Amino acid sequence: MNLIIRLLITAMVAYALTHLLSGIHFDGFSTAVVFAIVLAVLNLIVKPILSILGLPLTIITLGFFALVINAVIILLAAKFVSGMHIDGFWWAFIFSIALSLITSLLNGIFASKD
């Protein structure tokens, strides 16, 4: 149940951010739900690989490169989800930072600590 709540929070925040950021576009809320699922799978499988490969750059840039990896994961998710469009890397970068901050806050409030 906790996973479903987290996915719905991610979908709602992503959909809300599309109304605030002009460079991110979803066809509808169902597309945002699919995006949340794809993002969860990519964070589970691809992100650890990219984090290990990018560890030297992350250390050199004092962690900034981890934000770039998050943006790349968002762009990769957009490639898999038909109905989502991102206008460029910088929009993905801003979107990933906002999505991370807001979902972390809301997951801390609404998701149970089981």
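Student: Is threonine 10 buried or exposed?
Tutor: Threonine 10 counts as buried because its relative accessibility is 14%. Buried means under 20% relative accessible area, exposed over 50%, and partly exposed in between, with a 1.4 Å probe and protein chains only. This is a predicted model, where local features need pLDDT of at least 70 and side-chain atom pairs count only at pLDDT 80 or more, while totals for chains, interfaces and linings use all residues. Residues are numbered from 1 along each chain as its sequence is written, and side-chain values use heavy atoms, with hydrogens and water left out.

Student: What does threonine 10 touch, not counting residues up to four places away in sequence?
Tutor: Ala36, Leu39, Leu99 and Thr103. Contact means heavy atoms within 4.5 Å.

Student: New topic. How much space lies in the largest pocket?
Tutor: About 310 Å³. The volume is the space filled by probe spheres set on grid points, which are joined across faces, edges and corners. On a 1 Å grid over the protein atoms alone, a pocket is an open set of points where a 1.4 Å probe fits, with protein on both sides within 12 Å along at least five of seven lines; lining residues have an atom within 4 Å of a point.

Student: Where is asparagine 70?
Tutor: Asparagine 70 is in helix H4, residues 64-80. With 18% relative accessibility, asparagine 70 counts as buried. Outside its sequence neighbours up to four places away, asparagine 70 touches Lys47, Ser96 and Ser100.

Student: What about phenylalanine 89, where does that lie?
Tutor: In helix H5. Phenylalanine 89 counts as partly exposed because its relative accessibility is 30%. Not counting residues up to four places away in sequence, phenylalanine 89 touches Val68, Ala71 and Leu75.

Student: How far apart are phenylalanine 89 and isoleucine 52 in space?
Tutor: They are 21 Å apart, C-alpha to C-alpha, and 37 residues apart in sequence.

Conventions. Helix = DSSP H or I, 4+ residues; strand = E, 2+ residues; numbered from the N terminus.
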